[in-house]
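Here's a quick briefing to read alongside the structure. Take a look at the model first, then come back for the notes.

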Amino acid sequence: FEKTYTQNKNGCGQAIYIGQTFSNDNFIKHCKFTDCCNEFEEKYVIYFDVNYVEFSNNIVTFSDSTKKRGCVYSNRVYEHTYKNNIFCNARADGDFAAGIHERSSVTTSVFTLINNTFDNILGSSFGRCFMIDLMKTYGHNIKNNTIKNCPSGGALFQIRFLKVDEESFT
C-alpha cells in the first residue's frame with residue numbers, strides 16, 4: 001500500500017478499516033504501508049473495530065515525520081496480537097498514540113505485543129509508541145519490543161487500566 005487513503009476527513013482508517021464483525025479470522029500479514037494517510041492530521045493508517053485480529057510482519061512508515069499521523073487504532077479488543085512489525089516515522093501529540101493505540105471497555109480483552117520495532121516515533125504524546133487502555137489487568141503479553149531513534153518528547157508508552165465500577169447489591 002503506497003499513498004493509499006480515503007478522501008473523507010472523518011474517515012478513521014485511512015488505508016484499511018475493518019468494521020464490526022464476529023469473525024475470529026482477521027489477519028493482516030506481510031504488508032507494507034507507506035504514506036497511507038491523507039493531508040488531515042491525527043488519523044490512522046489502519047482502524048480496527050473488531051474483536052479478534054492478528055497484525056504481523058508488516059511495515060508502517062511515513063516519509064514526513066513532522067505531521068501528526070498514527071499507524072494503528074482499535075476501539076474494540078477481545079484478542080489483538082501484534083507480532084514482528086515495524087512502525088516508523090510517525091508523530092503524536094496529546095491523547096493520540098503514533099504507533100498503536102488500543103482502547104477497550106470489555107473486561108475480557110487480551111492484548112499481545114511481541115517483537116515489534118518502533119523507530120523514530122516523535123511527539124509529546126504520553127504513549128507515542130503504544131498507548132493501551134484496557135479494563136482487565138492480567139493476561140496481556142508485552143515482550144521483546146524495540147524502541148529506537150526516539151528523541152526527547154512524551155512518554156514512549158502508556159498502559160492504562162480503566163476503572164471498573166462495582167455495583168452494590170445491598
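Is F157 buried, exposed or partly exposed? Its relative accessible area is 46%, so F157 counts as partly exposed, since that class runs between the 20% and 50% cut-offs. Keep in mind that this is a predicted model.

**The nonpolar patch**
- F157 sits in strand β16.
- Along with I142, I147, L156, I159 and F161, F157 makes up a nonpolar surface patch of about 470 Å².
- The top contributor to the nonpolar patch is β16, which puts in 3 residues.

- As background, most residues other than glycine have a negative phi.
- You'll find N89 in the loop that links β9 (86-88) and β10 (100-103).
- N89 has a relative accessible area of 18%, so it is buried, as the cut-off for that is under 20%.
- N149 isn't a glycine either, yet its phi is positive at about 55°.
- The loop between β15 (146-148) and β16 (157-161) is where N149 lies.
- N149 is exposed, because its relative accessibility is 52% and the cut-off is over 50%.

**T117 and its contacts**
- T117 belongs to strand β12, which covers residues 117-119.
- With a relative accessible area of 19%, T117 is buried.
- Setting aside neighbours within four places in sequence, T117 is in contact with N85, I86, F87, T146 and K148.

Methods
Residues are numbered from 1 along each chain as its sequence is written. This is a predicted model: local features need pLDDT of at least 70, side-chain atom pairs count only at pLDDT 80 or more; totals for chains, interfaces and linings use all residues. Side-chain values use heavy atoms; hydrogens and water are left out. Helices (H or I, at least four residues) and strands (E, at least two) are DSSP runs, numbered from the N terminus. Buried means under 20% relative accessible area, exposed over 50%, partly exposed in between (1.4 Å probe, protein chains only). Contact means heavy atoms within 4.5 Å. Patches are made of residues with over 30% relative accessible area and no salt bridge: like charges are joined within 9 Å, nonpolar side chains (Val, Leu, Ile, Met, Phe, Trp, Tyr) within 5 Å. Accessible areas come from the Shrake-Rupley method with a 1.4 Å probe; for residues, only the protein chains shown count as cover. A salt bridge is a side-chain nitrogen of Lys or Arg within 4 Å of a carboxyl oxygen of Asp or Glu.
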